[in-house]
Amino acid sequence: MQKNNEYFLEALKASLNNTQVKWSVEDISPEEMLQLFQIADIHNVTAMIFEAVYNCDAAKALPPQFMTMQKRKVIQQIAIQAMKSGEFYGLSEQLRKADVLPCVVKGIICRKLYPNPDARVSGDEDVFIPENQFDLAHKALLDMGMTLMNPDKDIYNVYEVPYVKQGSPLYIELHKHMFPPESEAYGDLNRFFDGIHIRRVAPHAGDCGLIEEEVDGMKFLTMNPTDHLLYLILHSFKHFLHSGFGIRQVCDISLYANAHGAEIDWNYVLECLREVSAELFAASMFVIGEKYLTFDPVKACYPDCWKSIEVDESFMLADLLESGVFGQSDMSRKHSSNITLNAMIADKRGEKASTGKLLAAIKAVCLPVDKMSGRYPYLKKYPFLLPIAWIQRVWTYRKETAGNKSGNNASESIKIGNERVELMRKYGIIK
């Protein structure tokens, strides 16, 4: 592992433990400190890293203007997050008063587990509702001043609908399903969660469906611990199949398991993950959590059936450190997602995923009509124009990657995609 990543993980662990590092200028150079903040930005954990390092001698040796800038950025991030959380409290309560069952996942439920919750910033809040309550929820959100982020889109034919509020940083994603049902790569993951709002019989040892969880004196509906842990893992898995997921998701999963381990049916979670060939993927995250973060197998009641899984976590760790938040560290990595998703789809069809450069490039561009119609709406009415859309896609991609700049060029995307397909094989996700 590169030295700068070691420093990053050490500082992140200190933040999770609500402590500070004690680095001297002999331990870490000013250049390495600057790299540390760059990595923190990529993973959207700058506030957490700043809290862990600002008081050490190595940080005090940095240019004062740099640390002042970081401090202002962190104060702003924390203030905005506190504002979003405060507004979300009222919104969730109003949805329940409107007879909606708003199941809150990730975000605010995970943030409460951190020593300084608002330092763990979230881009959005995810609310999962029964599909037949969408009209009711949509009206309630509009009555509360929320507006559609994409007013021109057909809100009835998408699995999630994003909302924003004028003059507010609050951003809501209203989910009818937790994963896009039309996705051939992972749409089948919905079977674990659809119907959870009215579930009367638990498929595992524990609560049937939703539970109430208190955050800052407010009660939220959320998934029971077993299903919520499963969702946190599968949500990371979904992003891994695209272009990767970041270290923050491992933090969430580790802290959640520590807090709710005694209530989690670990055998059920493992059975579900084995159904979708994600058990090695998940086991590697817990190994990373134990080695480098704060996952505690004793607190989490981590059972032998999990401990006995043999996995080398180093490849997964390297990939997630490079990926940044949800695989968005650079455009080359983001564009590589078509290669990994095609590999997953080929495997589900019983075909062998190809990693040849030419075929990978063709598959990355020439997507089927259902995958292209979102960007090129005319395909919904005239699907026979698909070849025209492919040409447009090639032209757009060439403009985006003009100059073959580092971090955004076609050959780099193919290289990353091919390497990540091999990583998927290494962890048993595809054959």
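Q: What makes both faces of strand 5 count as covered?
A: On one side stand Tyr-171, Glu-173 and His-175, on the other Ile-172 and Leu-174, and all of them are buried. The word buried means under 20% relative accessible area, against over 50% for exposed and partly exposed in between (1.4 Å probe, protein chains only). This is a predicted model, in which local features need pLDDT of at least 70 and side-chain atom pairs count only at pLDDT 80 or more, while totals for chains, interfaces and linings use all residues. Residues are numbered from 1 along each chain as its sequence is written, and side-chain values rest on heavy atoms, without hydrogens and water.

Q: Why is strand 5 called largely enclosed by the rest of the structure?
A: Strand 5 covers residues 171-175, and five of its five residues are buried, so the strand is largely enclosed. Strands (E, at least two residues) and helices (H or I, at least four) are DSSP runs, numbered from the N terminus.

Q: In what sense does strand 2 pair with strand 5?
A: Strand 2 (residues 125-128) pairs with strand 5 in the parallel sense, over four bridges. Pairing requires that DSSP find at least two bridges between two strands, and Asp-126 stands opposite Glu-173 of strand 5.

Q: How do you know that strand 4 pairs with strand 5, and in what sense?
A: Five bridges join strand 4 (residues 160-165) to strand 5, in the antiparallel sense. Val-164 has Tyr-171 of strand 5 as its bridge partner. The two strands form a hairpin with five residues between them, and Gly-167 in the turn has a positive phi of about 75 degrees.

Q: What is the phi of Ser-277, a residue other than glycine?
A: The phi of Ser-277 is positive, near 55 degrees. Ser-277 belongs to the loop between helix 10 (266-275) and helix 11 (279-292). With a relative accessible area of 28%, Ser-277 is partly exposed.

Q: Where does Cys-301 lie?
A: Cys-301 is in the loop between helix 11 and helix 12 (304-307). Although Cys-301 is not a glycine, its phi is positive, about 55 degrees. Its relative accessible area is 39%, so Cys-301 is partly exposed.

Q: How many residues make up the largest nonpolar core, and which have the most contacts inside it?
A: The largest nonpolar core has 122 residues, and those with the most contacts inside it are Phe-8, Trp-23 and Val-53. Helix 8 (residues 225-242) gives the largest share of this core, nine residues. To belong to a nonpolar core, a residue must be a buried Ala, Val, Leu, Ile, Met, Phe, Trp, Tyr or Cys, joined to the set through side-chain atoms within 4.5 Å. Beyond its neighbours within four places in sequence, Phe-8 is in contact with Leu-36, Ile-39, Ala-40, His-43, Val-45, Ile-49, Ile-247 and Leu-321. A second, separate core of five residues includes Met-372, Leu-379, Leu-386 and Ala-389.

Q: What is the volume of the second largest pocket?
A: The second largest pocket has a volume of about 380 Å³. Of its 16 lining residues, Gln-2, Asn-5, Ala-318, Leu-321 and Glu-322 are the closest to its centre. Helix 1 (3-16), helix 2 (30-42) and helix 13 (314-323) each give two or more residues to this lining, and helix 13 gives the largest share, five residues. On a 1 Å grid over the protein atoms alone, a pocket is an open set of points with protein on both sides within 12 Å along at least five of seven lines, a cavity is a set where a 1.4 Å probe fits but cannot get out, and lining residues have an atom within 4 Å of a point.

Q: Which residues of helix 13 are buried?
A: Met-316, Leu-317, Asp-319, Leu-320, Leu-321 and Ser-323 are the buried residues of helix 13. Gly-324, with a positive phi near 75 degrees, follows this helix.

Terms used: Contact = heavy atoms within 4.5 Å. Points joined across faces, edges and corners; volume = space filled by probe spheres on them.
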